[in-house]
Amino acid sequence: MVFLETYERKQIRMVSSSCYGFHFVLLLSIFLGFSTLVLGGNFNTDFDNLFGDERVEIRNDGHSMTLTLDEYCGSGIVSKNEYLYGRFDMDIKLVPGNSAGTVTAYYLSSVGAQHDEIDIEFLGNLTGEPYLLSTNVYADGNGGREVQFYLWFDPTEDYHTYSIDWNPDRIIILVDNNPIRVMLNRQSIGVPFPTKRPMRLYSTLWNGDSWATRWGEVKIDLSNAPFIAGFKNFNANACIAKHDRSCLGFNAGRNRGLDIESKTKMKKVLSKWVVYDYCSDLRRYAHGLPYECRKENILRLD
C-alpha cells in the first residue's frame, strides 16, 4: 500500500512550524452563496500569502511566482476566493536536483473534519530518480483514493501545465491537457463526491520527508537548500462563492466527458505510467474493491 499524507496530518505539520504564519481568518471564513466569474489569473490579486513570508516571490506583474523551501521553512499561497466547480490550470516547474523529501502541491480544499479535497502532489526524489505525481480525492472527509504516476518528461527542465477540471459529474486531472485520471460521481451508489463544499486553491512547497520519498526512508538534504519551484500562467474558469447565484450547473455542460482522442491519450498514460492505483490494490482491499472501482462504475475508455 502506498502511504500518502492525510489532510489533517498535512495541516498539523505545516502549522506546527513557527515559520508558517497562516492567515487563520482565511481558513475559517466560509461564504454563504455563489456567483460565476471567469478569471484570467494573477498571483497578486487572486491569492494571499499562506505561509513563508518572503519565500513567496511574485514576479512579472503577478503572472509568475516562485516558492522556496529553505532550512527553516517552506512557503505557500491560497486563493482569496472559494470555488464550487471549474477548471484550474497552472504551469509548474519543479525543484531540480536532489529534491528528496520535498512536496510541491497544487490542490483544492475546503476546511474541517468533513472537508473535500482534490490533490495534485509532486513527491521529490534523489538526483536522477523520477518525481512521483500523486493524486487523491477527498469527499465528506473520506480520502484514500490515491492514484500515482511517473511523468513521461523531466518536470524540472521546463514548465508544464497541470489542471483540475471539476464539475458535478466528474473530476478530470490533466497534464499538458492530456487527461491522466477521471473520477466519476457515484453518489447514487453511496460513494462520496465533492459537490457541496466550496474549496480554495492552494500552491505550496514544504518539507514532507517523514513520508514523501520512499515512505520516509529518504530524508531531505538541507545542504541543498534553498529548494525552489516555479509557477506561472495561472488560469481559472470557475464559480466563486458569493450571495446571488447558484454554482450547481456551472461547468456541467462543457467537457462532461472525454472525446475519442482524449480517451486514447489517457489509455496510453494508464498503460505505461501508473505506479499505484487504489482500485488495483487487492492487498489493501482483500475483501473486495471499493464500489467505484468496479467495472460498471468506472469510465470506459474503449
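**Close-up views of the predicted model**

Figure 1. At 17% relative accessibility, Cys-279 counts as buried, because the cut-off for buried is under 20%. The model shown here, as in every view below, is predicted. Cys-293 has 9% relative accessibility and therefore also counts as buried. A disulfide joins Cys-279 to Cys-293, with an S to S distance of 1.9 Å. The torsion about this S-S bond is about -70°, so the link is left-handed. Both cysteines lie in the segment after E16, so the pair ties together parts that are 14 residues apart in sequence.

**Figure 2. The disulfide of Cys-239 and Cys-247.** The structure holds two disulfides. This view shows the one formed by Cys-239 and Cys-247, whose sulfur atoms are 1.9 Å apart. The angle about the S-S bond is -80°, and the link is left-handed. Cys-239 and Cys-247 are both buried.

**Figure 3. The largest pocket.** The volume of the largest pocket is about 550 Å³. Its lining comprises 24 residues. Val-182, Asp-277, Cys-279, Ile-298 and Leu-299 lie nearest the centre of the pocket. Of these, Cys-279 is also the disulfide partner of Cys-293.

Figure 4. Strand E13 gives the most, with five residues. Two of these strands, E10 and E16, also belong to the eight-stranded sheet of the next view, where they are neighbours.

**Figure 5. The open sheet of eight strands.** The strand order is E2-E5-E14-E7-E8-E9-E10-E16, and the pairing is antiparallel. Strand E2 (47–51) and strand E16 stand at the edges. Each has a single partner strand, so one side of each is left without a neighbour in the sheet. Direction ignored, neighbouring strands of this sheet are turned by 15° against each other on average.

**Figure 6. Strand E7 between its two neighbours.** In the sheet order, E7 stands between E14 and E8. Strand E7 spans residues 102–109 and strand E8 residues 117–123. Seven bridges join E7 to E8, and the two run antiparallel. Leu-108 stands opposite Ile-118 in E8. Val-103 has Leu-123 of E8 as its bridge partner. On the E14 side, eight bridges link E7 to residues 200–207, again in antiparallel fashion. Here Tyr-107 has Tyr-202 of E14 as its bridge partner.

**Figure 7. The two covered faces of E7.** Eight of the eight residues of E7 are buried, so the strand is largely enclosed by the rest of the structure. Both faces are covered. One side carries Thr-102, Thr-104, Tyr-106 and Leu-108, all buried. The other carries Val-103, Ala-105, Tyr-107 and Ser-109, likewise all buried. Leu-108, on one side, is the residue opposite Ile-118 in E8. Tyr-107, on the other, is the bridge partner of Tyr-202 in E14.

Note on methods. Residues are numbered from 1 along each chain as its sequence is written. This is a predicted model: local features need pLDDT of at least 70, side-chain atom pairs count only at pLDDT 80 or more; totals for chains, interfaces and linings use all residues. Side-chain values use heavy atoms; hydrogens and water are left out. On a 1 Å grid over the protein atoms alone, a cavity is a set of points where a 1.4 Å probe fits but cannot get out, and a pocket is an open set with protein on both sides within 12 Å along at least five of seven lines; lining residues have an atom within 4 Å of a point. Grid points are joined across faces, edges and corners, and a volume is the space filled by probe spheres set on the points. Helices (H or I, at least four residues) and strands (E, at least two) are DSSP runs, numbered from the N terminus. A disulfide is a pair of cysteine sulfur atoms within 2.5 Å. Buried means under 20% relative accessible area, exposed over 50%, partly exposed in between (1.4 Å probe, protein chains only). Two strands pair if DSSP finds at least two bridges between them. Axes are lines fitted to C-alpha atoms, for helices over the stretch in contact, and angles run from 0 to 180 degrees between N-to-C directions.
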